[in-house]
Amino acid sequence: MRSSPVAARTLAVVLPLIASLVAVAPAHALQQQPPRPDTVRRDSLSQPLAPVTVTTSRAAGVTGGASAVVVRLSELRSSPAPTLDQALRETPFVLVRQNSRGEMELSVRGSDSRQAAVLYNGVPLTLGWDHRADPSVLPLTGAENLVIVRGLGSVLNGPNSLGGTIEISQRAQGTSAPSGQWWAAGGVDQTSAVVASLGGGHRFDNVFGGAVTAQAGVSVRDRDGVRVTSSANDDTARDGLRTNSDLRHGDLFGALRWSNAQGRGVGLTVSAFDAERGVPPEEHITGPRYWRYPYNSRAIAALSLNSGTFNTPFGVGTIDIGAGYNAGRLKIETYGDRRYQTVTAEELGDERTSSVRALVGHSLPRGATIKASFTAADVRYTETLSPAAGVDYRQKMSSTAAELDIPLGDATRVSGGVAFDRTSTPETGGRTPGQPPFDATGWRAGVSHQLSNSVRLHASASERSRFPALRELYSGAQNRFLANPLLKPETLLGFEAGVTAERALGESTRFSMQAIGFRHNLDDAITRITLPAPDRRFQRINRDRIESSGAELLGGLTFGSDLLRAVTLTGDATLQSISIVNTTVAGDPQRHAENNPERRGSIELGVPVPLSVRAYATARFTGVQYCLNPDSGTEQTLGKQARTDVAAERSFGIGGRGAARTLRALLSLDNVANSTVYDQCGLPQPGRTLRLMFTLR
């Protein structure tokens, strides 16, 4: 483990930045404008996602008959430069938890972490060796919004997109950014990491009949460990820091885009990060992983070409073409015990994923539109388990889809689409037999109806399959898993219906809400089992049908016409029932969904206090969940848990019309009661943490 001098060196960089920010802040508060409505550009012919504001940092909306949440990253309180997992922990309906590999996993509506797609400027980060992205190392530097669609909002997003999408939206996708815009930020995040971020951009007008937007930024994060509570049973914790939980992480991004008033454009976005980190050991079993990542790096490039609208003999059309490259390298070191001194095994991974997507849209009579897309991805991975030589794996996937959107009068829209997906694994690391090629069809239908100016109804149904990842099929994970090349795709049938509303309750009170009912049936679910003694390794098999149904509730109340001085009350809840039906083994005992609580929610109160400060108190609740204990091969119960955070923030105006005009200061005490709250069995969240952060924009 690294020692405190590393953090001290980082503080030496960050503290002067913070001091300089404080020095320029005047004593008067900035009179901010109310937040503008967000729109999400799906493509040139699509309808905008028109969300209802629930808080100043998130809004509820509907797209294609599926529910969505839009999150403004600049208003989050978890970090001055958050990674994706930190942003999602502040977001309703998305379950974020750490696993035994040190990664963060995502779940929506009881889904597995491989069923939700993560897109970065159109590049599918979840198509790769493992078909999931680790959000704990995915930076959001330079990003503006997160668009989270629960359920299948479109069949045009490519293969393996069935349980929802999380789209990272970059500022450089438009040309409306103020000329000379820049930002600087520093402080401590919710994991006790010291964070610093710096970036900016400029718009150049009258360039080849359009405008060029250029942006760049860099962020660094450094921590010696995560705060841990005494009841977490971490016997080797030092100075109150969780064993082997240190981190050093740096990222940078750059974006360049030209576009004109007709919508034509070309853009390139690149992002890269490098991380060194430890993996905290599980505290509930006798043989946890003793792992470290000496390096975990990734580079992402996204190229986009947009034709804008053009006339045809039949109406108006658009063509959008995108290409992506996602390359990552990692090294895992395995140690003999909790002292992390003797390396007993090494694993190296080298991943390269290339993707391309073409989207064609055309207008139809009476305001209807038709869209068609083709998406292809080529995943290559080299796995090296030292001292053996590296072996190569390859997976090819494609998806062809079409979607129709039709208005029925002024208040109702219906949409529907079909997709044909295909996969093959031409390189299997020498394992035989390999998985045979598979294809699958998918479909979606949705309807939304504007019942009044303040109430919107929606419903959707969909079915789509997910192909197993190379890692699920062929990897032994340092002999902890027995490979299963004969895994079949799993298929999700989903339904949802809901209402989104916003209305005034008197002159100075506003109410907003979204209520959703859903049902998901997952057939041929890929499940982890423990093999009988003396093997005791894990294996993934198609064994179950997982049925989940429930409700998602999101609401907010604002008391006061001045948003800076108003009292706000917001809350969200996920209530679901998850049943696992064993379809292959007669008489198998009833099991619960692993690491997937059926009750979750949060409530937050925001109040104005003297000196133009806003104070917040947030309580989060997680219900009972279960895990499979590899020592006993039986389920282990994790009781319900709760934690409370408090924070105070103030924004200062620094005058003039310069590129950065607002200084935001935040003081927060996370996990006030120092409660032991677990992501999953044996992996506790941070204990009580006091932190301070500043952002200058």
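User: How large a share of the contacts in the chain with a separation of 6 or more comes from residues 24 or more positions apart?

Analyst: That share is 66%, where a contact means heavy atoms within 4.5 Å. The model is a predicted one, in which local features need pLDDT of at least 70 and side-chain atom pairs pLDDT 80 or more, while totals for chains, interfaces and linings use all residues. Residues are numbered from 1 along each chain as its sequence is written, and side-chain values use heavy atoms, without hydrogens and water.

User: What makes up the chain in terms of helices and strands?

Analyst: The chain has 3 helices and 37 strands. Of the 697 residues, 56% are buried.

User: How is T91 classed, and which residues does T91 touch?

Analyst: T91 has a relative accessible area of 6%, so T91 is buried. T91 is in the loop between α2 (84-89) and β4. Not counting residues up to four places away in sequence, T91 touches V71 and I148.

User: What makes a space in this structure a cavity, and how many are found?

Analyst: On a 1 Å grid over the protein atoms alone, a cavity is a set of points where a 1.4 Å probe fits but cannot get out; lining residues have an atom within 4 Å of a point. The search of the whole structure finds 6 cavities of 30 Å³ or more. The largest cavity holds about 450 Å³, a volume being the space filled by probe spheres set on the points, which are joined across faces, edges and corners. It is lined by 34 residues, of which E103, R132, R298, L330 and E351 are the closest to its centre.

User: How is the lining of the largest cavity divided by class?

Analyst: This lining has 12 nonpolar, 9 polar and 13 charged residues. Ala, Val, Leu, Ile, Met, Phe, Trp, Tyr, Cys and Pro count as nonpolar, Asp, Glu, Lys and Arg as charged, and the others, Gly among them, as polar.

User: Why is the pair of F481 and F538 called tilted?

Analyst: Rings of Phe, Tyr and Trp (its six-membered ring) pair if their centres lie within 6.5 Å; planes under 30 degrees apart are stacked, over 60 edge-to-face and the rest tilted. F481 and F538 are 5.4 Å apart centre to centre, with 50 degrees between the planes, and the pair is therefore tilted. The two residues are 57 residues apart, F481 in strand β24 and F538 in strand β27. F481 is buried at 7% relative accessible area, and F538 is buried at 6%.

User: How do you know that R77 lies over the face of Y616?

Analyst: A charge sits over a ring if NZ of Lys or CZ of Arg is within 6 Å of the ring centre and within 35 degrees of the ring normal. R77 is at 4.0 Å from the ring centre of Y616 and lies over its face. The charged end of R289 likewise sits over the ring of W291, 4.6 Å from its centre.

Terms used
On a 1 Å grid over the protein atoms alone, a cavity is a set of points where a 1.4 Å probe fits but cannot get out, and a pocket is an open set with protein on both sides within 12 Å along at least five of seven lines; lining residues have an atom within 4 Å of a point. Helices (H or I, at least four residues) and strands (E, at least two) are DSSP runs, numbered from the N terminus. Buried means under 20% relative accessible area, exposed over 50%, partly exposed in between (1.4 Å probe, protein chains only).
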